[in-house]
Amino acid sequence: MQLVIVRHGKYGMGDHLSEEGRDDIAAVGAKLKAMLNGIPEIHASPVTRAKESSQVLQSILGGDLIEDAALTANYLRDIDFLSPEKAKAYLAALPTDLPIILVTHVDICALLLGLFGSSIALDRGEAAIIQDENPPERV
């Protein structure tokens, strides 16, 4: 299994990625291209900055892009939708035969990485990869 957790890139006016944000995500994509075992399936929060980040990754890596409301930041919702229990069930339902990239927000990144025993804190435009049974590592 290869699971990549990406925090969306830096953004500016209207929630759109800034040039710096696009460049940061493109750099992550280039690194992932050398690391991934196959063409990924990319799941992204429908929030503009995450969606645009996922489109940059898709342009570099290929693969299907799936808009996934479960990856929307909790602070952008009225309720706490993705709890640790729901996050475990969410991860268990993902395909295991191809690399999976999740493009999301700070709180969801922390929650998902925490499930793997990691305290990595991702800045905007950064990613961490979980490969097989190995602990997460920064990309």
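User: Which residues are exposed on the other side of helix 3?

Analyst: This is a predicted model, in which local features need pLDDT of at least 70 and side-chain atom pairs count only at pLDDT 80 or more, while totals for chains, interfaces and linings use all residues. Residues are numbered from 1 along each chain as its sequence is written, and side-chain values use heavy atoms, with hydrogens and water left out. Buried means under 20% relative accessible area, exposed over 50% and partly exposed in between (1.4 Å probe, protein chains only). Helices (H or I, at least four residues) and strands (E, at least two) are DSSP runs, numbered from the N terminus. The exposed residues on that side of helix 3 are Glu85, Lys88 and Ala92.

User: Which residues of helix 3 are buried?

Analyst: In helix 3 (residues 84-92), the buried residues are Ala87, Tyr90 and Leu91. They lie on the same side of helix 3 because they cover an arc of only 95 degrees around the axis; the arc is that of the directions from the helix axis to the C-beta atoms. These buried residues pack against strand 1, strand 2 (41-44), strand 4 (100-104) and helix 4 (106-115), where contact means heavy atoms within 4.5 Å.

User: How many helices and strands are there in the chain?

Analyst: The chain has 4 helices and 6 strands, and their order along the sequence is β-α-β-α-β-α-β-α-β-β. With a radius of gyration of 14 Å, close to the 14 Å that the globule rule gives for 139 residues, the chain is therefore as compact as a globular protein of that length. That radius is taken over C-alpha atoms, and the rule is 2.2 Å times the number of residues to the power 0.38. Of the 139 residues, 47% count as buried. Among contacts between residues at least 6 apart in sequence, 68% join residues at least 24 apart.

User: Which strands does strand 5 pair with?

Analyst: Two strands pair if DSSP finds at least two bridges between them. Strand 1 and strand 5 run antiparallel and are joined by 5 bridges; one of these pairs valine 4 with isoleucine 129 in strand 5. Strand 5 is also antiparallel to strand 6 (residues 137-138), with 2 bridges between them, and alanine 128 has arginine 138 as its bridge partner in strand 6. Strand 5 and strand 6 form a hairpin with 5 residues between them, and aspartate 132 in the turn has a positive phi of about 55 degrees.

User: Why is strand 5 described as largely enclosed by the rest of the structure?

Analyst: The description applies because 4 of the 5 residues of strand 5 (residues 127-131) are buried.

User: Is serine 54 buried or exposed?

Analyst: Serine 54, in helix 2 (residues 48-61), counts as buried because its relative accessibility is 0%. Not counting residues up to four places away in sequence, serine 54 touches Ile42, Ala44, Leu65 and Val103.

User: With which side chain does the side chain of aspartate 15 make a polar contact?

Analyst: A polar contact is a pair of N or O atoms within 3.5 Å; within protein, one must be able to donate a hydrogen and the other to accept it, and residues adjacent in sequence count only if both atoms are side-chain atoms. Here the partner is the side chain of arginine 49, at 2.3 Å. Aspartate 15 is in the loop between strand 1 (2-7) and helix 1 (19-35), and counts as buried because its relative accessibility is 18%. Leaving aside neighbours within four places in sequence, aspartate 15 is in contact with Val47, Thr48 and Arg49.
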